Amino acid sequence: MTEFVRCSVEGSVATVTLDRPDLHNAFNEVFINELDATFKSLGENPAVRVIVMRAEGKSFCAGADLNWMKKMIDYNYTENVEDARGLARMLRTIRTCPKPTIARVHGHAFGGGVGLIAACDLAVSLDSCLFALTEVKLGLLPAVISPFVLEKIGSAHAGRYFLTAERFDAAEAHRIGLVSDVVATEQEMDDWVDTALKNIVNNAPEAVSVCKRMIFQVMDAIWEPAEDVTCNLIAERRVSDEGQEGIRAFLEKRKPNWIMPESETASHAG
């Protein structure tokens with residue numbers, strides 16, 4: 001039994017549903033562990049040929065849960081590293097799952113939600129979706145998700161959205177390669193997913209699995225060394241003065257102390 005993740009299998013297709021709609025499917029440690037266990041189980045299930053990830057509620061995934069963030073304030077460096085490794089393991093489990101994975105995206109996908117999408121093989125989005133990587137607004141980093149996002153959209157696009165923390169729409173997500181396609185309605189999204197499922201299950205299942213493994217080998221995706229770097233970096237940021245100020249400002253719904261008055265920034269535009 002799981003609290004925040006539902007899973008069903010019909011024929012050769014598994015559907016994983018993020019089911020924390022009241023909190024926009026935001027992560028906490030329980031949610032992360034449940035996703036990790038679910039994808040591990042499905043990856044080992046010989047009856048499953050392909051996995052669809054969808055979400056309940058208004059958003060696909062809003063990133064980190066506020067109560068989870070409150071805990072981080074009091075974590076020491078070692079505790080933060082271990083906490084970050086949980087998220088890294090879950091994303092790597094999805095990314096290296098031997099079964100093809102499809103993200104069905106609606107609403108908002110922020111922070112870790114973008115990481116979830118990037119970890120999947122394919123993704124389709126409604127044209128009304130909004131995306132953002134807002135960690136630097138809090139004095140933090142999109143560290144743990146960075147290997148997956150960088151693989152998906154490349155360093156040029158990641159450099160822009162990691163550093164500016166600006167929101168971008170579905171058309172831009174498609175242009176930079178985060179999502180495979182964009183559609184206008186829920187029905188069109190379901191039709192897109194159905195077509196992808198039919199295409200995948202008509203292929204040789206062992207060849208599909210080996211094809212996924214081949215991509216990692218050819219691209220030389222060094223997940224474990226990257227995990228060491230990213231988990232250490234985010235732990236450093238969480239316990240830093242700036243990271244603590246950013247998280248507290250967000251939780252207290254105030255501006256952090258590095259926000260400059262508009263009068264000091266307006267002249268730079270001309």
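How many helices and strands does the secondary structure of the chain come to? The chain holds 11 helices and 9 strands, where helices (H or I, at least four residues) and strands (E, at least two) are DSSP runs, numbered from the N terminus. The radius of gyration is 19 Å, close to the 18 Å that the globule rule gives for 270 residues, so the chain is as compact as a globular protein of that length. This radius is taken over C-alpha atoms, and the globule rule is 2.2 Å times the number of residues to the power 0.38. Along the principal axes, the C-alpha atoms fill a box of roughly 60 × 45 × 40 Å.

The model is predicted: local features need pLDDT of at least 70 and side-chain atom pairs count only at pLDDT 80 or more, while totals for chains, interfaces and linings use all residues. Residues are numbered from 1 along each chain as its sequence is written, and side-chain values use heavy atoms, with hydrogens and water left out.

Buried residues make up 48% of the 270 residues in the chain. Buried means under 20% relative accessible area, exposed over 50%, and partly exposed in between (1.4 Å probe, protein chains only). Helix 2 spans residues 66-74, and its buried residues are Trp68, Met69, Met72 and Ile73. Seen down the axis of helix 2, these residues fall within an arc of 155°, so they line one face of the helix. The arc is that of the directions from the helix axis to the C-beta atoms.

Asp65 caps the N-terminal end of helix 2. A side-chain oxygen of Asp65 lies 3.3 Å from the backbone nitrogen of Asn67. Asp65 also forms a salt bridge with Arg20, the closest N and O atoms being 3.8 Å apart. A salt bridge is a side-chain nitrogen of Lys or Arg within 4 Å of a carboxyl oxygen of Asp or Glu. The pair links distant parts of the chain, 45 residues apart. Arg20 sits in the loop between strand 2 (13-18) and helix 1 (29-44), and Asp65 in the loop between strand 3 (50-55) and helix 2. Both Arg20 and Asp65 are buried.

The whole structure contains 21 salt bridges. One of them joins the side chains of Arg95 and Glu151 (2.8 Å, N to O). Arg95 lies in helix 3 (residues 77-95) and Glu151 in helix 5 (residues 146-164), 56 residues apart. Arg95 is buried, at 7% relative accessible area, whereas Glu151 is partly exposed at 29%.

Arg175 counts as exposed at 54% relative accessibility. Glu172 is buried at 14%. Elsewhere, salt bridges that share partners join Arg6, Asp19, Arg54 and Glu56 into one network.

Arg49 is found in the loop between helix 1 and strand 3. Arg49 is partly exposed, with a relative accessible area of 22%. The C-alpha atoms of Arg49 and Pro205 are separated by 6.7 Å, although the two residues are 156 residues apart along the chain.

On the surface, Met214, Ile215, Val218 and Met219 form a nonpolar patch with about 400 Å² of accessible area together. Patches are made of residues with over 30% relative accessible area and no salt bridge: like charges are joined within 9 Å, nonpolar side chains (Val, Leu, Ile, Met, Phe, Trp, Tyr) within 5 Å. Val218 lies in helix 8 (residues 205-219) and is exposed, with a relative accessible area of 63%.

Key
Areas by Shrake-Rupley, 256 points an atom, 1.4 Å probe, with all protein chains shown as cover. Polar contact = N/O pair within 3.5 Å; in protein donor to acceptor, adjacent residues only side chain to side chain.
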